[in-house]
Every structure is written in C-alpha cells, then in structure tokens.
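Me: I would like a close look at one part of this protein. Please keep it brisk and connect the pieces as you go.

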Amino acid sequence: MGEQHTVKFPQEVVDEYAALGVDLPALFSAGHLGTRMGVQIVEASAERVVGTMPVEGNTQPYGLLHGGASAVLAETLGSVGAMLHGGSSKIAVGVDLNCTHHRGVRSGLVTGVATPVHRGRSTATYEIVISNEGGKRVCTARLTCLLRDVQPGDEAHLRTAD
C-alpha cells in the first residue's frame, strides 16, 4: 500500500483532463477508502477498468475476504468507468450496487474487471467480475451511476495538477 503506480489511460482522455488542469491519475484513484484497503487501479477506460486488492487486511472474523471489501473494489472500478464515460463535464454518483458472492478467499490478491452493460447520457451501468489469483470468480457485482453535470463548487473535490 502507499506505493506509486501508473494507471494506463487512453491518451485522448489524458489530454482532455490535462487541458482542464486536472491530475487524471489522482482524480481516478481509489480514493481514501480504497487506498486504506490497498486498491490499485491498473487500467482505466470507459470500456474496461481493471483493479486489484489484497485479501490480507480486508477480511471478516472467519478469515475470508469481507463482502464489503469486494463491494468497495466493485464500486471503485465501476465508478471510474462511469466517470470516464461521462467525461470531464459529468460526475458519476453511485445509485445502486448489487454484489453476489460466489466463493471465499483467504489470501492473495483479487482482481476486478469492470465492463459496461449500459452507457447512456444520464446513467451508466457496469458489471464487475472479481476473481482470485487462480482466475476463479469470487464475486459478481453490478453498479449503476447517475451522471450529473458538474456544478459550481465541485472543483473543491477535484484534485488539480500542481
């Protein structure tokens, strides 16, 4: 945790945000909660967002990956996809999250892949598949985000480039 890594973004998206003075990797990070949980976004575009999270430190009392941790990973990845779909004039706000847990995981790293189910003008829905290191599905989630216009004052929540 805490180590720096580079997220792969499409160049046209990097250019769009740079023109606005926005530090894209910081804006589309895992956020404070995701950082505490060790979430790292590896690849990000409106078509596919990939991220990882360690099981260690994110378990429930029985030593299994906590379902809430899977939900944090899923919502993080789906929200990044929705934000990238909406572009710099929109903010994605999660309105529905559904998670089905298929199997327990006790160690290692889980990987989530978010892909769009629906990308409209006012909402975006992503399916997020979380798998263990052996490639077995641990959780399937679906996130729907409202895409609302950026409002005055929203800039206070955007991390700008130095």
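What percentage of the contacts in the protein with a separation of 6 or more comes from residues 24 or more positions apart? Then please take me through the sheet, strand by strand.

Reply: The model is predicted, so local features need pLDDT of at least 70 and side-chain atom pairs count only at pLDDT 80 or more, while totals for chains, interfaces and linings use all residues. Residues are numbered from 1 along each chain as its sequence is written, and side-chain values use heavy atoms, with hydrogens and water left out.

Your number is 65%: that share of the contacts with a separation of 6 or more joins residues 24 or more positions apart. Contact here means heavy atoms within 4.5 Å.

Now the overall layout. The protein has 4 helices and 6 strands. Along the sequence they follow the pattern α-α-α-β-β-α-β-β-β-β. Both kinds of element are DSSP runs, numbered from the N terminus: helices are H or I with at least four residues, strands E with at least two.

The 6 strands form an open sheet in the order β1-β2-β4-β5-β6-β3, with antiparallel pairing. β1 and β3 are the edge strands, each pairing on one side only. Neighbouring strands are turned by 25 degrees against each other on average, direction ignored. Two strands count as paired if DSSP finds at least two bridges between them. In general, strands of a sheet pair through backbone hydrogen bonds, either parallel or antiparallel.

β1 and β2 run antiparallel and share 4 bridges. A hairpin of 4 residues connects them. Glu43 has Val50 in β2 as its bridge partner.

β2 comes next. Of its 6 residues, 5 are buried, so β2 is largely enclosed by the rest of the structure. Buried means under 20% relative accessible area, exposed means over 50%, and partly exposed lies in between (1.4 Å probe, protein chains only). β2 also pairs with β4, antiparallel, over 6 bridges. Gly51 faces Gly112 in β4. Thr52 stands opposite Thr111, also in β4.

β4 then meets β5. These two run antiparallel and are joined by 8 bridges. Ala114 has Ile128 in β5 as its bridge partner. The hairpin between β4 and β5 uses 3 residues.

Ser131 deserves a stop here. Ser131 sits in β5. Its relative accessible area is 17%, so Ser131 counts as buried. Leaving aside residues up to four places away in sequence, Ser131 touches Leu109, Val110, Thr111, Lys136, Arg137 and Val138.

Ala92 stands opposite Leu147 in β6. α4 packs on the sheet and touches β1, β2, β3, β4, β5 and β6. The direction of α4 makes about 145 degrees with that of β3. For such angles, axes are lines fitted to C-alpha atoms, for helices over the stretch in contact, and angles run from 0 to 180 degrees between N-to-C directions.

Next, the core. The largest nonpolar core holds 39 residues; Ala44, Met53, Leu65, Val110, Ile128 and Ile130 touch the most other members. At least two core residues come from each of α1 (11-19), β1 (40-44), β2 (49-54), α4 (67-86), β3 (90-101), β4 (109-119), β5 (123-131) and β6 (137-149). α4 gives the largest share, 9 residues. A nonpolar core is a set of buried Ala, Val, Leu, Ile, Met, Phe, Trp, Tyr and Cys residues joined through side-chain atoms within 4.5 Å.

Take Ala44 as one of those members. Ala44 touches Val7, Lys8, Phe9, Pro10, Val49, Val80 and Leu84, not counting residues up to four places away in sequence.

Now the cysteines. A search of the whole structure finds 0 disulfides. Cys139 is in none; its nearest cysteine sulfur, that of Cys99, is 4.6 Å away. The cut-off for a disulfide is a pair of cysteine sulfur atoms within 2.5 Å. Cys139 has 0% relative accessibility, so Cys139 is buried. Cys145, at 1%, is buried too.

Last, the whole protein. Buried residues make up 41% of its 162 residues. The protein exposes about 8,700 Å², with 51% supplied by carbon and sulfur atoms. These areas come from the Shrake-Rupley method with a 1.4 Å probe; for residues, only the protein chains shown count as cover.
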